[in-house]
Amino acid sequence: MTNSKLFLSLLVAGAVATGTAQAQSLKDAKAAIQAEQYDKAKAMLQNLVQKKAKDGENYFYLGRIHLINDKIDSAQIVFQEGVTNAPKEKLNTVGLGIVDLEKGDVAAAETKFATAAQGVGKKEYEVPYYIGRGYIDAPKPDYKKAVEYLTKAKELNAKDPMIPTALGDAYAGLRESSPAYVAYRDALALDEKLLAPKIGQAIISRRAQAYDVVLEQLTTLAGENPEYGPIYRELAETYYLSSIKAPEEQYREINQKAVDNYKKYLSLTGDASTDAKVRYADFLVYSGNYDELKTVAQELSTVEGVDAKVYRYLGYISFLQDKDYAKSLEYMTTLFSKVDTARLIGRDYLYAGLANIIAGDAAKGAEYLKVAETKQTEDENYDEEISETAFEYFKNGENEIAAKIFTIPASNDSSDYFYDSNFYLGQIEYGIGSKLVTVPEGTELTPEEVAAKMD
């Protein structure tokens with residue numbers, strides 16, 4: 001995810017032309033990407049692609065921007081243009097392999113990576129480096145593969161600090177804290193001014209839920225480097241994760257700090273595009289800030305040609321805020337029809353599933369909810385949300401809908417809500433059965449009459 005896979009930027013267009021005229025080199029574009037100034041980098045790279053159509057690297061980095069913006073098809077088109085215009089540049093074949101990973105076609109990705117990595121020389125060390133990064137950033141990361149390719153990159157070039165930085169990320173993904181810390185330390189030995197490895201060292205403890213330690217270290221880094229936006233993005237994510245574990249009365253205050261730090265990140269990266277707003281909306285989904293999401297989603301819905309993910313945001317708001325389940329189902333159905341299934345997340349299936357059940361299609365709803373549970377991240381608990389939704393309907397006396405929803409956790413004996421769900425299902429069935437008792441004393445019912453009453 002990012003998983004981290006969800007993080008991102010905001011604001012509104014206009015600043016691009018000014019920054020573009022001042023810096024047009026690939027080096028400048030790379031620096032903008034490193035600072036997560038994606039809109040600025042995109043403008044530079046689009047200009048470079050037009051001016052230097054035979055320079056394959058320009059296509060690769062522009063494709064990377066599209067990947068960051070979750071525009072997989074656009075990335076694929078740009079990488080393919082790079083292959084066509086500069087066939088000797090292997091990075092665009094790597095880019096096409098990363099597209100395959102994004103679409104869930106691991107075998108196709110491996111074939112392209114093997115082709116690109118074949119016979120690479122020392123000057124081509126970025127090929128295994130970006131393959132490694134692709135495995136780290138994939139929807140389903142393969143950190144072992146990442147280590148394999150990054151180690152190869154390090155053998156080709158032991159002086160580029162971004163390689164040990166990426167190795168640190170891969171080891172952190174494997175939950176191997178010691179080698180992760182050492183890799184980040186190696187990166188700093190090569191360039192002590194780099195901030196990415198310092199951030200990496202700070203967030204190692206996040207997987208161990210030592211949020212106070214991480215927040216202290218990141219806050220110190222922010223004080224020393226107040227203009228470096230990515231620190232605030234990591235602060236935002238850490239505050240959100242911390243809010244989940246906080247006492248209920250502190251949740252909103254801590255969660256608001258997540259949003260405030262994300263807004264700080266947006267202001268520093270200066271990204272003024274619609275793509276940035278979409279990434280901001282992704283963060284609001286991730287952190288559960290649905291009040292803010294409603295404002296952003298409504299604004300995005302008026303933008304012509306906006307990413308189809310806007311239907312996700314509108315569907316979530318209709319379900320959670322407006323309790324308009326029919327409208328939510330309409331939005332979610334549109335989302336499912338307009339985006340590749342590889343771009344759908346677990347929460348999409350969660351709300352589409354619940355909305356279908358409430359609308360009367362229990363079979364499709366159950367199917368979606370089962371998919372949702374296979375896609376949930378370590379920070380999510382869909383079983384809890386499904387059970388709480390069922391209980392709300394039970395409390396309101398809407399037992400038919402409650403029973404259909406309770407059936408999901410009740411049929412999963414590994415669920416934490418298995419016993420509770422079966423208990424409430426029993427209560428509902430008992431309530432139905434008790435209606436049979438309303439017959440005159442001494443009267444016996446035939447089996448046919450019993451069946452008629454059950455109907």
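Leaving aside neighbours within four places in sequence, F391 is in contact with F406 and Y424, where contact means heavy atoms within 4.5 Å. The C-alpha atoms of F391 and Y424 lie 8.3 Å apart in space, although the two residues are 33 residues apart in sequence. F391 belongs to helix α22 (residues 382–395). Helices here are DSSP runs of H or I with at least four residues, numbered from the N terminus. With a relative accessible area of 30%, F391 is partly exposed; buried means under 20% relative accessible area, exposed over 50%, and partly exposed in between, for a 1.4 Å probe and protein chains only.

The model is predicted, and local features need pLDDT of at least 70, side-chain atom pairs count only at pLDDT 80 or more, and totals for chains, interfaces and linings use all residues. Residues are numbered from 1 along each chain as its sequence is written, and side-chain values use heavy atoms, with hydrogens and water left out.

**A buried glycine**

G365 is found in helix α21 (residues 362–375). Its relative accessible area is 0%, so G365 is buried. Apart from neighbours within four places in sequence, G365 is in contact with G353, N356 and I357. The C-alpha atoms of G365 and K404 are separated by 9.2 Å, while the two residues are 39 residues apart along the chain.

**Packed helix pairs**

Two packed helices are described by the angle between their axes and the distance between the axes. Axes are lines fitted to C-alpha atoms, for helices over the stretch in contact, and angles run from 0 to 180 degrees between N-to-C directions. A crossing is left-handed if the near helix is turned anticlockwise from the far one by less than a right angle, and right-handed if clockwise.

| Helix pair | Angle between axes | Distance between axes | Crossing |
|---|---|---|---|
| α7 and α8 | about 160 degrees | 9 Å | left-handed |
| α20 and α23 | about 145 degrees | 9 Å | right-handed |
| α3 and α4 | about 145 degrees | 9 Å | left-handed |

Helix α7 (residues 106–117) and helix α8 (residues 126–137) pack at an angle of about 160 degrees. That makes α7 roughly antiparallel to α8, a label for angles over 145 degrees. On the α7 side the contact is made by E110, F113, A116 and A117, and on the α8 side by V127, I131 and Y135. By class, this contact has six nonpolar, no polar and one charged residues. Ala, Val, Leu, Ile, Met, Phe, Trp, Tyr, Cys and Pro count as nonpolar, Asp, Glu, Lys and Arg as charged, and the others, Gly among them, as polar.

Helix α23 (residues 399–410) packs against α20. L354, I357 and I358 of α20 make the contact with I401, K404 and I405 of α23. Five nonpolar, no polar and one charged residues form this contact.

In the pair of α3 and helix α4 (residues 56–68), Y38, A41, K42, L45, Q46, L48 and V49 of α3 meet N58, Y59, Y61, L62, I65, H66 and I68 of α4. The contact of α3 with α4 has 10 nonpolar, three polar and one charged residues.

**The nonpolar core and a covered helix**

In soluble globular proteins, nonpolar side chains tend to be buried together. The largest nonpolar core of this model has 128 residues, and those with the most contacts inside it are L45, F113 and Y313. Such a core is a set of buried Ala, Val, Leu, Ile, Met, Phe, Trp, Tyr and Cys residues joined through side-chain atoms within 4.5 Å. Helix α20 (residues 346–359) gives the most to this core, with eight residues.

Helix α18 (residues 310–320) is mostly covered, with nine of its 11 residues buried. Those buried residues are V310, R312, Y313, L314, G315, Y316, I317, S318 and F319. Their cover includes α16 (274–287), α17 (290–300), α19 (325–338) and α20. Leaving aside neighbours within four places in sequence, Y313 is in contact with V278, A281, D282, V285, L293, A297 and L300.

**Two residues with positive phi**

E36 is a residue other than glycine with a positive phi, near 65 degrees. E36 is placed in the loop between α2 (26–34) and α3 (38–51), and at 9% relative accessibility it counts as buried. Q209 is not a glycine either, and has a positive phi of about 60 degrees. Q209 is found in the loop between α12 (196–203) and α13 (211–224), and is partly exposed, with a relative accessible area of 44%.

How values were computed: Parallel < 35°, antiparallel > 145°, perpendicular 65-115°, else oblique.
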